[in-house]
Amino acid sequence: MSAVVVVGAQWGDEGKGKVVDLYAPYADLVVRYAGGANAGHTLVVGGEKLILHLIPSGILHERTRCIVGQGTVIDPGVLLREIEALHARGVPTEERLLVSQRAHVVLPHHKSIDELREKKSNEAIGTTKRGIGPCYEDKVARRGLRMGDLLDGTRLRDKLEANLECWRPVAADLGGTLPTAEDIAAHYSGLGEALREVISDAGAVVRASIRDGEKILLEGAQGTMLDIDNGTYPYVTSSSAVAGGACAGAGIGPTHIGRAIGIAKAYTTRVGGGPFPTELDDETGQQLRDAGAEYGSTTGRPRRCGWLDLVALRHAVTVNGLDEIAITKLDVLTALPALEVCVAYELDGRRLSHPPYERLDAVRPIYETLEGWDEELSGCRSRDDLPTAAQAYLARIEREVGCRVGVVSVGPDREDTADLCDPFGLSAPSTR
Ligand code: IMP
């Protein structure tokens with residue numbers, strides 16, 4: 001099997017970083033295929049905390065090469081700072097990191113327009129203000145700048161002039177001003193020079209890797225419910241976060257992907273605006289936030305917390321064609337006296353087993369109550385080590401969403417993991 005895709009099965013922040021870090025030693029290549037510096041994964045390197053927004057966490061593994069693929073949008077300043085921070089901690093990136101020349105560049109005005117829109121709008125999305133939406137707008141409007149453009153000063157300036165022309169009236173309407181093409185070009189060609197060694201035809205490298213029989217991990221960002229096509233539109237991000245996005249975002253065909261693994265927390269969180277049927281605006285919600293340290297690693301915002309939404313997870317299983325789900329943060333549920341899981345929604349007197357196309361804010365979650373547990377989980381290394389109630393919780397998830405649970409994370413550290421196995425293993429883990 002050449003490629004395995006790892007995708008967020010909820011509203012992002014499912015713990016993809018930890019799972020990719022666990023899977024990376026089995027892979028030759030890790031390719032991030034969507035999103036930008038709106039994502040964030042906290043790593044501990046040599047006892048020091050480091051947050052990566054763009055570079056896959058696989059970079060810490062000596063024999064794993066990493067690619068930031070063509071489906072991403074790249075803030076070159078952020079990328080350079082991440083590379084420098086890795087070097088400062090003794091992690092080399094030479095020979096290990098490549099960035100696609102086709103990935104689009106997040107420009108300074110993308111960020112300022114994102115911020116101004118959020119400030120002015122009555123229906124703010126609650127974006128990360130990293131310029132993601134405006135950058136993808138430029139991409140689909142066919143006026144964007146790509147990483148390869150940073151390497152040619154004249155082309156960069158000309159493209160910037162044309163690009164800024166389009167944004168000028170938008171900025172004026174929002175009461176903002178735009179920098180000049182000269183200023184941006186001067187700064188960004190400097191960044192391009194500093195990144196020259198890593199900017200390359202990364203898609204060709206991924207395809208060559210497939211041809212050579214290497215193992216490739218395709219790393220998604222954000223989650224299914226934030227996906228531009230399958231999420232809670234318009235409260236979504238602007239990229240194809242789902243497993244299907246991995247083909248276009250890495251530059252490969254679907255026949256090379258052998259398995260799709262969805263990552264889901266044992267409960268649900270969401271950052272930013274938009275409907276969230278199982279949200280808990282009470283003490284239990286706060287307990288989940290505290291126990292799960294649910295504060296954004298990119299913006300520091302407190303995450304909205306709620307019970308596990310199996311309707312959303314069922315949707316993720318189907319739209320991503322998941323073979324397996326990795327459950328993270330099961331330990332966070334320890335000590336809750338009873339656990340609710342949302343098995344269906346009710347809308348206008350009808351029972352729904354999948355999210356409706358609109359009016360998600362009007363649905364009533366239908367819950368079933370499961371038994372809680374008090375035991376500490378961090379020492380559990382297999383499902384059989386878990387308390388009976390925790391095993392029943394996982395079995396219930398499998399039954400409701402029709403997908404096997406594989407890895408179970410029971411604490412923040414690498415070792416706090418049950419049933420870890422090779423994601424490229426040809427024989428599927430045993431079904432229960
Ligand atoms: P944008 O991606 O910054 O445009 O934000 C759009 C929506 O996606 C907002 O609700 C953000 O909070 C959410 N979002 C973007 N990236 C992440 C992430 O990595 N984790 C969780 N939510 C995210």
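**A proline and its surroundings**

Modeller: The place of Pro234 is in the loop between strand 10 (216–219) and helix 8 (245–250), and please keep in mind throughout that this is a predicted model. Most residues other than glycine have a negative phi, and most peptide bonds are trans. Against that background, the bond that joins Tyr233 and Pro234 is a cis peptide bond, with an omega of about 5 degrees.

Sorted by class, the lining of the second largest pocket divides into 9 nonpolar, 4 polar and 4 charged residues.

Lys329 is not a glycine, and yet Lys329 has a positive phi of about 60 degrees. Lys329 is found in the loop between strand 15 (324–328) and strand 16 (338–347).

From the loops we can turn to the helices. Two packed helices are described by the angle between their axes and the distance between the axes. Helix 3 (residues 108–120) and helix 4 (residues 132–140) have axes 7 Å apart and pack at an angle of about 120 degrees, which makes helix 3 oblique to helix 4. Helix 3 passes helix 4 in a right-handed crossing. On the side of helix 3 the contact is made by His110, Ile113, Asp114 and Arg117, and on the side of helix 4 by Ile132, Pro134, Cys135, Glu137 and Asp138. The contact of helix 3 with helix 4 comprises, by class, 4 nonpolar, 1 polar and 4 charged residues.

The next pair is helix 5 (residues 153–173) and helix 6 (residues 181–195), whose axes come within 9 Å and cross at roughly 135 degrees, and that angle makes helix 5 oblique to helix 6. The crossing of helix 5 and helix 6 is right-handed. Helix 5 contributes Leu156, Arg157, Leu160, Glu161 and Leu164 to the contact, while helix 6 contributes Ala181, Glu182, Ile184, Ala185, Tyr188 and Ser189. In the contact of helix 5 with helix 6 there are 7 nonpolar, 1 polar and 3 charged residues.

The remaining pair in this account is helix 10 (residues 310–320) and helix 11 (residues 388–401), whose axes come within 9 Å and cross at roughly 60 degrees; helix 10 and helix 11 are therefore oblique to each other. Helix 10 passes helix 11 in a right-handed crossing. Here Leu310, Leu313, Arg314 and Val317 in helix 10 meet Ile397, Glu400 and Val401 in helix 11, and the residues of this contact of helix 10 with helix 11 divide into 5 nonpolar, no polar and 2 charged.

How values were computed:
Residues numbered from 1 in each chain as written. Predicted model: local features only at pLDDT ≥ 70, side-chain atom pairs only at ≥ 80, totals over all residues. Heavy atoms only, no water. Axes fitted to C-alpha atoms, helices over the stretch in contact; angles between N-to-C directions. Helix = DSSP H or I, 4+ residues; strand = E, 2+ residues; numbered from the N terminus. Parallel < 35°, antiparallel > 145°, perpendicular 65-115°, else oblique. Left-handed = near helix turned anticlockwise from the far one by under 90°. Contact = heavy atoms within 4.5 Å. Nonpolar A, V, L, I, M, F, W, Y, C, P; charged D, E, K, R; others polar.
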